Amino acid sequence: EVQLVESGGGLVQAGGSLRLSCAASGFDFDDYAIGWFRQAPGKPREGVSCITSSDGSTYYYDSVRGRFTISTDNAKNTVYLQMNSLKPEDTAVYYCAAGPPTELPPPYYDYWGQGTQVTVSS
C-alpha cells in the first residue's frame, strides 16, 4: 500500500522552528520527487518546496525561500522540511506528495499524504 505520512506539526510562536517529516512507503522512493504543500482555511493549496530523491535537487517557492530547508534521508525513505523564522502566515495544513522527478516542480503528483497541522501564534 502506498503511504505518505506527515508528522512534526504543532503549535509554535512566531520566530520559532519546526521540522516536519514525510515517511514514504509502498513505492520506489528514489524514482520520485517529493513536494511539500500547504493549505490555510479559505485559501488555495500552495506549493512550499520539492526535492528529487535521486540527486537531491531542490526548489523553493518564493514565500519560504531562505527560511525553509528541504532534505531527504533516502535510507529511511523520509523527506524533511526544516522550518525556521516561522510567521503567522505559515499557519496551514502541510501535505507531502510524490510525483515524477523529470523536472522541478513536478507537473503533477501521484500520491498524497493526509497532512499535519502547523499553527504559528503571533
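This is a predicted model: local features need pLDDT of at least 70, side-chain atom pairs count only at pLDDT 80 or more; totals for chains, interfaces and linings use all residues.
Visitor: How many helices and how many strands are in the chain?
Guide: Helices (H or I, at least four residues) and strands (E, at least two) are DSSP runs, numbered from the N terminus. Read along the sequence, the pattern is β-β-β-β-β-β-β-β-β-β-β. The chain therefore has zero helices and 11 strands.

Visitor: Why is the chain said to be as compact as a globular protein of its length?
Guide: The radius of gyration is taken over C-alpha atoms, and the globule rule is 2.2 Å times the number of residues to the power 0.38. For 122 residues that rule gives 14 Å, and the chain is close to this value, so it is as compact as a globular protein of that length, with a radius of gyration of 13 Å.

Visitor: Which residues touch the most other members of the largest nonpolar core?
Guide: A nonpolar core is a set of buried (under 20% relative accessible area, where exposed means over 50% and partly exposed in between, with a 1.4 Å probe and protein chains only) Ala, Val, Leu, Ile, Met, Phe, Trp, Tyr and Cys residues joined through side-chain atoms within 4.5 Å. The strands that each supply at least two residues of this core include E3 (18-25), E5 (46-52) and E8 (78-83). Among its 27 residues, those that touch the most other members are Ile34, Trp36, Phe68, Val79, Leu81, Met83 and Tyr94.

Visitor: Leaving aside neighbours within four places in sequence, with which residues is Leu81 in contact?
Guide: Contact means heavy atoms within 4.5 Å. Once its neighbours within four places in sequence are set aside, Leu81 is in contact with Leu18, Arg19, Leu20, Trp36, Val48, Ser49, Phe68, Thr69, Ile70 and Tyr94.

Visitor: How many degrees lie between the planes of Phe37 and Trp112?
Guide: Rings of Phe, Tyr and Trp (its six-membered ring) pair if their centres lie within 6.5 Å, and planes under 30 degrees apart count as stacked, over 60 as edge-to-face and the rest as tilted. The structure holds seven aromatic pairs, and the one formed by Phe37 and Trp112 is tilted, at 4.9 Å centre to centre, with an angle between the planes of 45 degrees.

Visitor: Is Phe37 buried or exposed?
Guide: Phe37 lies in strand E4 (residues 33-39), 75 residues apart from its partner Trp112 in strand E10 (residues 111-112). Trp112 has 34% relative accessibility and so counts as partly exposed. Phe37, at 9%, counts as buried.

Visitor: What is the omega of the cis peptide bond that joins Leu104 and Pro105?
Guide: Most peptide bonds are trans. Pro105 is in the loop between E9 and E10, and the cis bond that joins Leu104 to Pro105 has an omega of about -5 degrees.

Visitor: What is the phi of Asn77, which is not a glycine?
Guide: Most residues other than glycine have a negative phi. Asn77 lies in the loop between E7 and E8 and is partly exposed, with a relative accessible area of 27%. Its phi is positive, at about 50 degrees.

Methods. Residues are numbered from 1 along each chain as its sequence is written. Side-chain values use heavy atoms; hydrogens and water are left out.
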